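Please look through the model shown here.

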Amino acid sequence: MMMRGGRLIGLSSQVLGMRCFSTNIFVSRLSFYTTEEEFKDLFSPFGKVKEARLMRDPQTGRMKGFGFVNYSSQAEAEKAIKAMDGRILRGRLIFVEMAKGDQSQ
C-alpha cells in the first residue's frame, strides 16, 4: 500500500467500497439436472444473454452444479442478480453473484 497525492494505492476495489464493472454472473448450487436451454431461458428475461455456460466434469460429463451467464451490459447483470439470488430452482436454493476474475476458456 502506497500513498500518492493523498490517495491510497494498492487497495482492492472492495476495500474502498467500489464495485467492479462486470457483465458476467456466477450461479451456484444448481441442480445436476439443469439443462443448458433451461439455464439460458431462466436468465433471458433480465437482458440479452450473450452466453450461458453450465460447467461439467471433463471426464464424466456430469454437471458440477454451477455456471456462468454473460450479459450485454452491467445493468442487465445486476438486474438478474437482484431477481434470482436466493430463488428456488428445481427444488434447490441458488446463489447468484458477480463473477470474480476472467472466466473465459
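Two strands pair if DSSP finds at least two bridges between them; strands (E, at least two residues) and helices (H or I, at least four) are DSSP runs, numbered from the N terminus. The model is predicted: local features need pLDDT of at least 70 and side-chain atom pairs count only at pLDDT 80 or more, while totals for chains, interfaces and linings use all residues. Residues are numbered from 1 along each chain as its sequence is written, and side-chain values use heavy atoms, with hydrogens and water left out.

Strand β3 covers residues 24-28. β3 pairs with β5 in the antiparallel sense over 5 bridges. An antiparallel pairing over 4 bridges joins β3 to strand β8, residues 95-98. In the pairing with β8, S28 has F95 as its bridge partner. Of the 5 residues in β3, 4 are buried, where buried means under 20% relative accessible area, exposed over 50% and partly exposed in between (1.4 Å probe, protein chains only).

N24 stands opposite N70 in β5, a strand that spans residues 63-71. N70 counts as buried because its relative accessibility is 16%. Its side chain makes a polar contact with the side chain of T23 at 3.0 Å and another with the side chain of N24 at 3.5 Å. A polar contact is a pair of N or O atoms within 3.5 Å; within protein, one must be able to donate a hydrogen and the other to accept it, and residues adjacent in sequence count only if both atoms are side-chain atoms. Neighbours within four places in sequence aside, N70 is in contact (heavy atoms within 4.5 Å) with T23, N24, K48, V49, K50 and E51.

On β8, V96 counts as buried because its relative accessibility is 3%.

A nonpolar core is a set of buried Ala, Val, Leu, Ile, Met, Phe, Trp, Tyr and Cys residues joined through side-chain atoms within 4.5 Å. The largest one has 20 residues, and I25, V27, F43 and Y71 touch the most other members. Two or more residues each come from β3, α1 (36-43), β4 (49-56), β5, α2 (74-84) and β8; α2 gives the most, with 4 residues. Beyond four places in sequence, F43 is in contact with I25, V27, V49, V69, Y71, A80, M84 and V96.
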